[in-house]
Amino acid sequence: MFCVKVKIISNKKIGQKYFKIRLEAPKIAGEALPGQFVMARISDDYEPLLRRPFSIHRVIGKEIEIFYEIKGKGTEILSKKKAGEYLDVIGPLGNGFDLRRAKGEGRRAIIVAGGMGVAPLTFLAEKLRSIEPRISNFEIAVLLGARTKEQVSCEKEFKNLGCDVKIATDDGSHGFKGRITELLEEILATGYTLTGTGRLYPYGHKQATGKNKKQLAACSLQPAAVVYACGPKPMLKEITRLAECYHIPAWVSLEEYMACGFGACLGCVVQTKNGYKYVCKEGPVFNTEELLP
Amino acid sequence: MSIAVCLGGLKLKNPVLVASGTFGYTEEFKGFVDLNKIGAVISKTITLEPRQGNAPPRVVETPSGMLNSIGLENDGVKHFIVEKLPFLRKLKTQVIASIAGARAAEYAELAKRLDAAGVLAVELNLSCPNLKSHQSPVIPWRAQASHQKNNQLISQDKKATYGVVKAARKMTKGVIIAKLTPNVTDIAEIAKAAEDAGADSVSLVNTFLAMSIDVNSRRPKLGNITGGLSGPAIKPIALRMVWEAAQKVKIPVIGIGGIMTAEDALEFIIAGATAVEVGTANFINPRVSIEIIEGIKGYIRKHKISNIKNLIGSIEIQ
């Protein structure tokens, strides 16, 4: 964890209100793990007063990239910052996604991103690719959900990483019309991806594919897939339900208001099966088994 | 040139402390600052039994400030003594334990146990706005006027303040600091009650009871509905209250409220504060306490002040 003033390399507008800011932050880049975040001080003044948490979107050598949307005063000010200016950041903070379960022959990762929830997941996909370079059939399915076609982000980035990308939009302007979690359930229930490439479950589970959803859920076979997700609360709640129903290990990245980001203010709690936990220090990534249904 | 000050029998190498609840149990900041350089560290408030705290959201940003309703989440005094104190003991700075209870007897018990554990000073949190009666037994001196029933704070009543400080005084030889709420008409008379009961120092102010509403959902932004306002937004009011209290009591006053810079700290000292506590600023800039100490040193040097004691209460009023 470092508290450093870092140089802005670029701050580019992507689409209507999305931005990507690149920072020269060798210390943070050297330690960062997918799912971790930084706290950025937007203004030296008192407006806004608090730092803002941002997922680390990508690590490129000595640089880190943040993908953000203009949501309020803080991100508005951030969007006006120019290359060459400096930004005061603390990071990397929190715990990243657990990658251990994704490793190994025949394994498969399903990444589910809802809206801006895509921010930490590109870094995750890159990491997954780099830790399993030898296994050519290591599949990463990426499910991108958004309101409209314009709001679908990072499709190309994931495709370039060789991920099997599926899209769902609320209005049906791109890909499947409906919620991204419906798409996920379909995949989990059939045991196949929609394109039919690659088996979700290992050998031995094949006979289960003919069964209905309920029977499938009752199967105690250890699936060879893990789910990683980030997005709005209702989506993550649904993923928590699906993970339990289909016996799939799943990790979700949560968000909560926080003042400091490093465990001092105790502001960012989330209710879990084991009482309150801090999103900043014990999260932001949680295994869904810990979370309340 | 000296910037050392005393709070009763507690000697501080400089007048900058970190406020309770804004510095965790200190260990959280070890990667950011040389903890030994801080005048004193004050722990997160400790209660007899563990408390899980309030429902989220617990923090909300407001113009030049923030609201919090943490609800005194902590693992209880036993956990503090066993798990947290060993680290704090190794520091070459003074350690003050912040304590809170529902009744005078609980403060007394906490003071006794911490004294026995070798803690030299306690700050009685008589002013947390996030204590609710359903989490704590009935407080007999509760005022009737409170819009939020059962939510009267000890330091909103001078008799209650006197009673709690007196009870703690009987149980500890250590330094007692009474931390006061600003949610009163006359803070000076509450400070006086604490002094009369034997407090070595008073610290003020805690947060201002406040709220914020999301106009789209029409819901309060805090899970607890109301919370405490802190940050630069409250500084001018806090400064006025410190100035008032410092004229009324002879014991050292510790100034708290929105201190972000050395200049802010100096304002409190000139108004009559012997020391200051830096709070919300720690969240934004974890190194701020050290920067404030350096700033105070620079000021003292520039103005050729031989001892910071000459600056305390040096406000010039025609």
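Residues are numbered from 1 along each chain as its sequence is written, and chains are lettered from A, with ligands numbered from 1, in the order in which they are written. Because the model is predicted, local features need pLDDT of at least 70 and side-chain atom pairs count only at pLDDT 80 or more, while totals for chains, interfaces and linings use all residues; side-chain values use heavy atoms, with hydrogens and water left out.

**View 1. The interface between chain B and chain A.** The two chains bury about 2500 Å² between them, 64% of it on carbon and sulfur atoms. Buried area is the accessible area (1.4 Å probe) that two parts lose on being put together, summed over both. Of the area that chain B buries against chain A, B:Glu61, B:Phe283 and B:Ile284 supply 25%, more than any other three residues. The contact (heavy atoms within 4.5 Å) takes 34 residues from chain B and 26 residues from chain A.

**View 2. Polar and charged links across the interface of chain B and chain A.** The rule finds 1 salt bridge across this interface, where a salt bridge is a side-chain nitrogen of Lys or Arg within 4 Å of a carboxyl oxygen of Asp or Glu. A:Arg52 forms a salt bridge with B:Glu61, and their closest N and O atoms are 2.6 Å apart. On the side of chain B that touches chain A, the elements giving two or more residues are strand 5 (59–62), strand 6 (65–68) and helix 7 (281–284) of chain B. Helices (H or I, at least four residues) and strands (E, at least two) are DSSP runs, numbered from the N terminus. The residues of this side divide into 14 nonpolar, 13 polar and 7 charged. Here Ala, Val, Leu, Ile, Met, Phe, Trp, Tyr, Cys and Pro count as nonpolar, Asp, Glu, Lys and Arg as charged, and the others, Gly among them, as polar.

**View 3. Strand 1 of chain A and its pairing with strand 7 and strand 2.** Two strands pair if DSSP finds at least two bridges between them. Strand 1 (residues 2–14) and strand 7 (residues 86–93) of chain A pair in the antiparallel sense over 6 bridges; A:Lys5 has A:Asp88 in strand 7 as its bridge partner. Strand 1 also runs antiparallel to strand 2 (residues 18–24) of chain A, joined by 7 bridges, and A:Ile8 stands opposite A:Leu23 in strand 2. The hairpin of strands 1 and 2 has 3 residues between the strands, and A:Gly15 in this hairpin takes a positive phi near 70°.

**View 4. A:Lys17 in the loop between strand 1 and strand 2 of chain A.** A:Lys17 counts as partly exposed because its relative accessibility is 38%; buried means under 20% relative accessible area, exposed over 50%, and partly exposed in between (1.4 Å probe, protein chains only). Leaving aside neighbours within four places in sequence, A:Lys17 is in contact with A:Tyr68, A:Glu69 and A:Ile70. The side chains of A:Lys17 and A:Glu69 make a polar contact at 3.3 Å. A:Lys17 and A:Lys71 are 54 residues apart in sequence, yet their C-alpha atoms are 8.7 Å apart in space.

**View 5. B:Thr93 in the loop between helix 1 (77–89) and strand 7 (94–99) of chain B.** B:Thr93 counts as buried because its relative accessibility is 11%. Its side chain reaches the backbone oxygen of B:Gly39 at 3.2 Å. Beyond its neighbours within four places in sequence, B:Thr93 is in contact with residues including B:Lys13, B:Leu35 and B:Val41.

**View 6. Backbone angles in chain A and chain B.** Most residues other than glycine have a negative phi, and most peptide bonds are trans. A:Cys154, in the loop between strand 9 (139–146) and helix 4 (155–160) of chain A, has a positive phi near 65°. B:Leu72, in the loop between strand 6 and helix 1 of chain B, has a positive phi of about 55°. A:Cys154 is buried at 7% relative accessibility, and B:Leu72 is buried with a relative accessible area of 4%. The peptide bond from A:Gly283 to A:Pro284 is cis, with omega near 0°, and that from B:Pro56 to B:Pro57 is cis, with omega near -5°.

Technical notes. A polar contact is a pair of N or O atoms within 3.5 Å; within protein, one must be able to donate a hydrogen and the other to accept it, and residues adjacent in sequence count only if both atoms are side-chain atoms.
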